[in-house]
Amino acid sequence: MSQRLVTFDKIGIEFGGRALLNNIDMTINEGEIVTLIGPNGSGKSTLIRTLLGLQMATTGEIIRNQSLRIGYMPQKLHIDPTLPLTVKHFLALVRGVDKKQIVPTLEKVGIAHLIHSQVHVLSGGETQRVLLARALLNKPNLLVLDEPVQGVDVNGQVELYNLIEGIRNELNCGVLMVSHDLHLVMAKTDTVVCINQHVCCSGSPQHVTGHPAYQALFGIPGADESIAIYAHQHDHVHDEHGSILSEDGDAHTHCTHH
Amino acid sequence: MLEFLIRALLGGLGVAAVAGPLGAFVVWRRMAYFGDTLAHSALLGVALGFLFNINLNLAIVVLCVGLAAVLVTLQKKHIIATDTLLGILAHSSLSLGLVAVSFLDNIRIDLMAYLFGDLLAVSQTDLYWIYGGGLAVLALLVAFWKPLLAVTVNEELAKVEGYPVEAIRLLMMLLVALVIAVAMKIVGVLLITSLMIIPAATARKLSSTPIQMAAISSVIGCLAVCGGVWASYHWDTPTGPSVVVCAALLFLIAYTSPLKRRIA
């Protein structure tokens, strides 16, 4: 029986009198991959920052399991170019790190050869893997990944998602992932939660992507089983997403607007 | 003659040795202007020290830390842009210091020495302060190296991993204030930050790890002090500015020489 790691209980956040998030309920269990999607400015990052303790909730509360230990992978890594820093030194900064774990962790994320590279010269995908390694070195039972595939090409994205799933299978940790990309959501994501200031809809990806016509849409050779297209339809309009097919018949429930 | 030269050298080397590693942090954290602001306020500390008859170094440290606290509070309120805020505080505290000094009728202060430093007038007591303060700063840097660096690299990651980010930031300011108090005698309030920044910037070209950069900036700072004292002795130039000119020359040499920047 997997235990519950985090419960968001009616979380609301206001900023300068403006409501960013409203009445968010969500749970993450051990061994579960939860993907948070929503358009830009929908409050995904704010919600994650609240979980991390970087931001206070205005209303509601976050109930954390006593065993909760978070490994956080930020969206981007900006390190001042005047600061010379190798991957090894960057990873050694993890609080209370066991330095013997650095090499095995780098091997796990597939970049052991970069251990002596400067962090400034890494490519987008390499940087994400370094950040993932740093999150893992914190010995987490919950990985919080803020747009883990940002700046990575499609093949790289598939690899990264596979890697994350592999890590989940190995460690049986929970994973909370943010994505604003509606097209690529892992086929093996257990739960998709779509927010736009409130929880719009949630459920298993199979449930929300049920329509075969949508699955025929993506065409990455050899990647058929590892990604799925999440068809995102609402009875209300979110702009910027005109590219999503607007045919009828999606299976999941909608929220209603007043 | 030799004795005061040796004291000057010892004082300068002591200051340069600590200013180097701390300067690296100032450069990494983009605190150069912040350091300048604190340094400018040091003169006010001197005036207050004379006025209330307390130890000058102590007065400077207290004032700098106080000002740093004010700065951080104002910064959080987002009233005006940080660089504007720093500009206002730097120059008004310097002016306030100059005005305050002019009120001290019964004490004659060598203003130039406080503005630009007077290395050749370093006394035995000054040396104790420099080495005592310097060792304290170095000890703190070594003891808190990892948290300081972690917070500098990425504050959010550091916070999530459980580092006490606020306390570390405060420690950083305290260290800068300490170095300013200790270094004022050597290069004066107007030039202190240069002794932190220029050697660190020069060292960047020659290093590939943070520790290397900190150590190399110490060495470069010491070289600059030696060169400055030598020039000052030979050509009778003002010591503080000579040290800074020397540091700037080393910077130029490092960045114009065909050495490849060690980044890969």
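In the predicted model described here, six strands of chain A form an open sheet with mixed pairing, in the order β5-β6-β7-β3-β9-β10. Strands are DSSP runs of E of at least two residues and helices are runs of H or I of at least four, numbered from the N terminus; two strands pair if DSSP finds at least two bridges between them. The edges of the sheet are β5 (70-73) and β10 (199-203) of chain A, each of which pairs on one side only. On average, neighbouring strands of this sheet are turned by 15° against each other, direction ignored. Angles run from 0 to 180 degrees between N-to-C directions, with axes fitted to C-alpha atoms, for helices over the stretch in contact. Within the sheet of chain A, β6 (residues 142-146) and β7 (residues 174-179) pair in the parallel sense over 5 bridges, and A:Asp146 stands opposite A:Val178 in β7(A). Helix α4 (residues 124-137) of chain A packs on the sheet, where it touches β5 and β6 of chain A, and its direction makes about 165° with that of β5(A).

Residues are numbered from 1 along each chain as its sequence is written, and chains are lettered from A and ligands numbered from 1 in the order in which they are written. As the model is predicted, local features need pLDDT of at least 70 and side-chain atom pairs count only at pLDDT 80 or more, whereas totals for chains, interfaces and linings use all residues.

Between the chains, 23 residues of chain A are in contact with 23 residues of chain B, contact being defined by C-beta atoms, placed from the backbone, that lie within 7 Å. On the side of chain A that touches chain B, β5 and α2 (87-91) of chain A each supply at least two residues.

In chain B, helix α12 (residues 239-256) has 18 residues and should span 26 Å at 1.5 Å a residue, which agrees with the 26 Å between its end C-alpha atoms; the expected span is 1.5 Å times one less than the number of residues. Buried residues of α12(B) include B:Val243, B:Cys246 and B:Phe251, a residue being buried if 20 or more other C-beta atoms, placed from the backbone, lie within 10 Å of its own. Among the elements that cover them are α1 (2-28) and α9 (165-187) of chain B.

Chain A averages a pLDDT of 77, the predictor's confidence in each residue from 0 to 100. Among the elements of chain A, α2(A) has the highest mean pLDDT (93) and helix α7 (residues 212-215) the lowest (37).

Methods:
Two residues are in contact if their C-beta atoms, placed from the backbone, lie within 7 Å. A residue is buried if 20 or more other C-beta atoms lie within 10 Å of its own, exposed if 12 or fewer, and partly exposed in between; C-beta atoms are placed from the backbone.
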